[in-house]
Amino acid sequence: MSWHEDPIEAAAPDLVEDAYEAEPAPVAAAPRRGNDVYYMGDTGRLPLDARRALCQLLIGPSIDQLRHAKLWPALIRSEAAIRSSLADLFLELVLDRDSGVAFTRQADTEDVDAPVLLRTSPLTFIDSVLLLFLRQQLAEADARGNRAVVADAEMAEALAIYEKNLSTDRAGFNRRVASAVQKMKDNHILTRLGGQEDRHEVSPALKLMFSAEDVSQLSAVYRQLRETPAAEA
């Protein structure tokens with residue numbers, strides 16, 4: 001933000017005089033709503049638990065029914081009001097009751113010049129390949145009626161076939177893989193299982209981020225990459 005550095009000019013005398021002579025505008029006290037007022041000056045309309053759910057959605061990356069056992073029912077109870085609050089910020093709520101996951105994304109405002117509030121994280125080639133692998137694991141687990149769980153070794157093996165596409169040394173490739181996995185952890189796409197350092201649960205949010213059509217298209221692209229012979233040095 002750039003601040004205006006010019007000195008503030010004094011008001012014209014006639015305007016100052018009018019300001020003193022004008023009748024003070026009546027100020028209506030904000031109505032209190034009993035237990036729904038949580039601090040001085042509070043004019044919010046959401047109940048406390050719904051406000052917390054709204055904050056978690058804005059902090060991101062998602063609300064998960066299992067990880068956020070208290071916030072999830074609050075979100076469901078106040079879904080319409082929370083959607084309205086997000087709409088004021090040019091955001092929309094993506095919610096899947098069956099999967100028990102919800103997150104926000106920028107609304108499609110078309111020609112309206114709207115600010116972008118959500119942080120974005122650029123994906124490397126390895127990031128996108130890993131996301132595709134995790135999305136496929138999620139689909140397979142859903143078909144079995146299970147939660148998707150992956151091990152570090154499985155992810156490393158799935159990504160190893162793309163090493164030739166990066167033209168890098170083995171140590172450098174391993175660092176890229178570790179960085180991609182860490183990014184998934186930081187964004188709660190992967191959540192470590194209790195007592196198991198090398199096994200992680202895949203967030204159901206991936207189903208909403210990548211449709212079956214997206215997965216099909218990406219799979220075709222990466223299949224072609226896998227089958228392309230490595231360039232000779």
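Strand β2 (residues 91-96) has five of its six residues buried, so the strand is largely enclosed by the rest of the structure. This description rests on a predicted model. The neighbour of β2 is β3: the two strands run antiparallel and are joined by six bridges.

Strand β3 covers residues 101-106 and includes Thr-104. Is Thr-104 buried or exposed? Its relative accessibility is 9%, and a residue counts as buried under 20%, so Thr-104 is buried. The side chain of Thr-104 has a polar atom 3.5 Å from the backbone oxygen of Leu-57. Leu-57 is also among the residues that Thr-104 touches; with residues up to four places away in sequence left out, the others are Leu-86, Glu-92 and Leu-118.

Helix α6 is formed by residues 152-160, and its buried residues are Met-155, Ala-158 and Leu-159. Viewed down the axis of α6, these buried residues fall within an arc of 95°, so they line one face of the helix. Ala-153 and Glu-157 are exposed on the other side of α6.

Leu-134 belongs to helix α5. With a relative accessibility of 0%, Leu-134 counts as buried. Which residues does Leu-134 contact, leaving aside neighbours within four places in sequence? They are Val-150, Met-155, Met-184, Ile-189, Leu-190, Val-202 and Leu-206. Met-155 in this list is also one of the buried residues of α6.

**The aromatic pair**

A search of the whole structure gives one aromatic pair. The pair consists of Phe-125 and Tyr-162, with ring centres 5.8 Å apart and ring planes at 75°; planes over 60 degrees apart count as edge-to-face, so this pair is edge-to-face. Phe-125 lies in helix α5 (residues 125-144), while Tyr-162 lies in the loop between α6 and α7 (163-166), so the pair ties together parts that are 37 residues apart in sequence. Phe-125 is partly exposed, with a relative accessible area of 25%, whereas Tyr-162 is buried, with a relative accessible area of 3%.

The table collects the relative accessible areas of individual residues.

| Residue | Relative accessible area | Class |
|---|---|---|
| Thr-104 | 9% | buried |
| Phe-125 | 25% | partly exposed |
| Leu-134 | 0% | buried |
| Tyr-162 | 3% | buried |

**The chain as a whole**

The secondary structure of the protein chain comprises ten helices and six strands. The chain has 233 residues, of which 33% are buried. It exposes about 15800 Å², and 53% of this area is supplied by carbon and sulfur atoms. Among contacts between residues at least 6 apart in sequence, 56% join residues at least 24 apart.

Key:
Residues numbered from 1 in each chain as written. Predicted model: local features only at pLDDT ≥ 70, side-chain atom pairs only at ≥ 80, totals over all residues. Heavy atoms only, no water. Buried < 20%, exposed > 50% of the residue type's maximum accessible area, 1.4 Å probe, protein only. Helix = DSSP H or I, 4+ residues; strand = E, 2+ residues; numbered from the N terminus. Arc of directions from axis to C-beta. Polar contact = N/O pair within 3.5 Å; in protein donor to acceptor, adjacent residues only side chain to side chain. Contact = heavy atoms within 4.5 Å. Areas by Shrake-Rupley, 256 points an atom, 1.4 Å probe, with all protein chains shown as cover. Phe/Tyr/Trp six-rings, centres within 6.5 Å; stacked < 30°, edge-to-face > 60°. Pairing = 2+ DSSP bridges.
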